[in-house]
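Colleague: I have just opened this one and would like a short tour. Could you walk me through it?
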Amino acid sequence: MRVIKAHNQDDIERLKPVALEWKETCNGETLGINLAPETYYADLANLLHKPNAALFMLLNDAKNVVGYIGVECFNSPLGNQKIAQEHYWYVSESHRPHGSMQLIRIIREWAKKKGCSHLIMNTSTLASDKHDKLCSFYERLGMKKFETSFIKEIV
């Protein structure tokens, strides 16, 4: 497996099958959130055009996309620091945890080159039912719990 940086719309097309795989495992319906694939792809594509953002793809030996991760850095509103934040990520089950580690390693390197002092990784019950496992995974990487969010559908 190897990681490459996405550069254009062709790369977005390449990652669509694995993004649809993610959609099948997420909990949008349970939370009342409509997941529209084309909107999701457009948001991923936006990362390609931002100077302080990147999208990386994990390729298997056959050069098929089996995972992806977006990252964006911003100036902290609390101090004189730059912070990188993961922006969507998914790795096909058959390529975890090694592929996941490769993607995290690459965005840490990217963030460091951008001058970021921190990296924020998210976990969401929307993303999958593996929320608690992912929290434990992040803690094993030495990360600290930073924030907890709640959502309620407004009807």
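Colleague: Which residue caps the N-terminal end of H1?
Modeller: Asn-8 does, with a side-chain oxygen 3.0 Å from the backbone nitrogen of Asp-10. Keep in mind that this is a predicted model, where local features need pLDDT of at least 70, side-chain atom pairs count only at pLDDT 80 or more, and totals for chains, interfaces and linings use all residues. Residues are numbered from 1 along each chain as its sequence is written, and side-chain values use heavy atoms, with hydrogens and water left out.
Colleague: Where does H1 bend?
Modeller: H1 (residues 9–25) bends by about 45° at Lys-16, with Pro-17 following within four residues; the bend is the angle between axes fitted to the seven residues ending there and the seven starting there.
Colleague: And which of its residues are buried?
Modeller: Counting buried as under 20% relative accessible area with a 1.4 Å probe, protein chains only, they are Asp-11, Ile-12, Leu-15, Lys-16, Val-18, Ala-19 and Trp-22. These buried residues pack against strand E1 (2–5), helix H3 (37–46), E2, E3 and E4, where contact means heavy atoms within 4.5 Å.
Colleague: Switching to the strands, is E3 mostly covered or open?
Modeller: Strand E3 (residues 65–75) is mostly covered, as 8 of its 11 residues are buried.
Colleague: Which strands does E3 pair with?
Modeller: E3 runs antiparallel to E2 (residues 53–59), joined by 7 bridges, and also pairs in the antiparallel sense with E4 (residues 82–91) over 8 bridges; pairing requires at least two DSSP bridges. Ala-54 stands opposite Val-71 in E3, while Tyr-68 stands opposite Tyr-90 in E4.

Key:
Buried means under 20% relative accessible area, exposed over 50%, partly exposed in between (1.4 Å probe, protein chains only). Helices (H or I, at least four residues) and strands (E, at least two) are DSSP runs, numbered from the N terminus. The expected span of a helix is 1.5 Å times one less than its number of residues. A polar contact is a pair of N or O atoms within 3.5 Å; within protein, one must be able to donate a hydrogen and the other to accept it, and residues adjacent in sequence count only if both atoms are side-chain atoms.
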